[in-house]
Amino acid sequence: MTRADLDKQPTDVRRMFDAVAKRYDVTNDVLSLGQDRRWRHEVIRAVDPQRGERVLDLAAGTGTSSQPFADRGAHVVPCDFSLGMLQVGKAARPHLPFTAGDGTRLPFADATFDAVTISFGLRNIVDPLAGLRELRRVTRPGGRLVVCEFSHPTWAPFRTVYVEYLMKALPPVARAVSSAPDAYVYLAESIRAWPDQPALAALVADAGWQAPEWRNLSGGIVALHRATA
């Protein structure tokens, strides 16, 4: 699957992420020009995990985004539907409780977590609204949600340059560093097709979350959406 306007069949998306798992973290670092590290740091700040809290990191991939929660003393559960990602992550971080799970049917009881977060994965769930509702289901009353996702740059001239980068520069760079470069054509198109900041906030509210808000990072290339259960 390489076209973002095709149905996001879970089997196809899972196969795509299995294929990129081995060099996923390195590729992301190169393609984002190192900005992904800053974005992960901002997610931690937004979630503000406390020692002993239970945190779900959905679409955790290899666990790069999960480790900082554990470093803060939280009980983090990295969850992903790509077995390839989980295998790479478990080999690198055997101490983390990696869990296989579909974002629309999470394998957790109601009100399990104090905080839930998903970074750069919501747009890959076959039904993002259903995914947000599942995250709400497994969050305790008063718990918090943080969604980190690619968004729409706020300055129009830069937005044009950004889209050009996504569609023209990203695929050849991916061919040089990724284990499955064709997958990044799909990823680029899925970013371009994703709702803007207000539209995603409305989706979060539709899923039952309270007081959604967002903060732009890197000029709106990425946005952090926050809400409470």
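Predicted model: local features only at pLDDT ≥ 70, side-chain atom pairs only at ≥ 80, totals over all residues.
**Ground rules.** I number residues from 1 along each chain as its sequence is written, and I work with heavy atoms for side-chain values, leaving out hydrogens and water.

Entry: I looked up the strand order and found an open sheet of seven strands, S3-S2-S1-S4-S5-S7-S6, with mixed pairing. Strands here are DSSP runs of E with at least two residues, and helices are runs of H or I with at least four, both numbered from the N terminus; two strands pair if DSSP finds at least two bridges between them. The edges are strand S3 (99-100) and strand S6 (210-217), each of which pairs on one side only. I noted as background that strands of a sheet pair through backbone hydrogen bonds, either parallel or antiparallel.

**Entry: strand S1 and its neighbours.** Strand S1 (residues 54-58) runs parallel to strand S2 (residues 75-80), and five bridges join them. Within this pairing I traced Arg54 to its bridge partner His75 and Asp57 to its partner Pro78. S1 also pairs with strand S4 (residues 113-119), again in the parallel sense, over four bridges; there Val55 has Ala115 as its bridge partner, and Leu56 stands opposite Val116.

Entry: I count a residue as buried under 20% relative accessible area, exposed over 50% and partly exposed in between, with a 1.4 Å probe and protein chains only. Four of the five residues of S1 are buried, so this strand is largely enclosed by the rest of the structure. For S4 the count is seven of seven, and therefore S4 too is largely enclosed.

**Entry: helix H9.** Helix H9 (residues 197-206) packs on the sheet, where it touches strand S5 (139-150), S6 and strand S7 (222-228), contact meaning heavy atoms within 4.5 Å. Its direction makes about 150 degrees with that of S6; the axes are lines fitted to C-alpha atoms, for helices over the stretch in contact, and angles run from 0 to 180 degrees between N-to-C directions. Which residues of H9 are buried? I found Gln197, Leu200, Ala201 and Val204. Seen down the axis, the buried residues of H9 fall within an arc of 105 degrees, so they line one face of the helix; the arc is that of the directions from the helix axis to the C-beta atoms. Helix H6 (128-137), S5, S6 and S7 are among what covers them. At the N-terminal end, Asp196 caps H9 through a side-chain oxygen 3.1 Å from the backbone nitrogen of Ala199, and just after the helix Gly208 takes a positive phi of about 100 degrees.

**Entry: cysteines.** I searched the whole structure for disulfides, that is, pairs of cysteine sulfur atoms within 2.5 Å, and the search found zero. Cys79 is buried at a relative accessible area of 0%, and Cys148 counts as buried at 0% as well.

**Entry: Leu187.** Leu187 sits in helix H8 (residues 183-193) and is buried, with a relative accessible area of 9%. I also checked Leu187 against Arg123: they are 64 residues apart in sequence and 9.4 Å apart in space, C-alpha to C-alpha.

Note on methods:
Polar contact = N/O pair within 3.5 Å; in protein donor to acceptor, adjacent residues only side chain to side chain.
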